[in-house]
Amino acid sequence: MTKKCKLHGISYVRRPNSTIEYCPKCAVLSQNKRKSGIREVNKLKKDKRTRWTELDYTKMKEYVQSKFCNPYIRWRDELKFGKCISSNGRISDAGHYFSVGSHNGMRYHIMNIHGQSKSSNRFKHGDLLNYRKGLIKRHGQAFMDKLELEEQKYKQYGKKFTRYDLICIGLTYKYLLENEIVIFDISEFNKYFDEIYRSSMDV
């Protein structure tokens, strides 16, 4: 019987009634190394098969947040300020001023997300009083006023992201990080988003 080795991809003849016949290359490996090699090959095949743009809606939302949006925010604020928006702590998280749970439309809003310490973001529920003070100190009252207007706009009209929105948001944050472009204002973000959106429609 002819079989194909999962690890090395070569065909070999297995003897009748044999359950341990390996291809010539596997024959020189220990059983543990062979099994480990097959697991790695299967993992690579799975990773190659599942691209982030093909994830289901919920997983894609999480992926865009954790792999594109949050890394950019942490890099940007570490570069410009070097400390948490609401304390002097080390930046480890990307914290939202308007929470994702109550303000879904602000989930990826570049003015609503800033670098925070683990303590402020996770254990002090965002430390919103000091978060607000930090926003005004860094960016001014006009920034705070605009952020609140943005929140009211999304609250009034609602915001549900389509899959295509998520892809373009992810690509925008990816582009900003790869090209080391520092921005804080939603108007600037939208310029890059619109360009990526139009480019993808032309394909």
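Contact here means heavy atoms within 4.5 Å. The model is predicted: local features need pLDDT of at least 70, side-chain atom pairs count only at pLDDT 80 or more, and totals for chains, interfaces and linings use all residues. Residues are numbered from 1 along each chain as its sequence is written, and side-chain values use heavy atoms, with hydrogens and water left out.

**View 1. Surroundings of I110 in the largest nonpolar core.** A nonpolar core is a set of buried Ala, Val, Leu, Ile, Met, Phe, Trp, Tyr and Cys residues joined through side-chain atoms within 4.5 Å; buried means under 20% relative accessible area, exposed over 50%, partly exposed in between (1.4 Å probe, protein chains only). Among the 35 core residues, I110 and Y173 touch the most other members. Helices α2 (57-80), α4 (128-139), α5 (141-157), α6 and α7 (186-202) each supply at least two residues. Beyond neighbours within four places in sequence, I110 is in contact with residues including Y72, Y173 and F189.

View 2. Helices (H or I, at least four residues) and strands (E, at least two) are DSSP runs, numbered from the N terminus. Y131, G134 and L135 are the buried residues of α4. G140, with a positive phi near 95 degrees, follows α4.

**View 3. Strands β3 and β4.** β3 (residues 93-96) and β4 (residues 113-116) run antiparallel, joined by four bridges; pairing requires at least two DSSP bridges. D93 stands opposite Q116.
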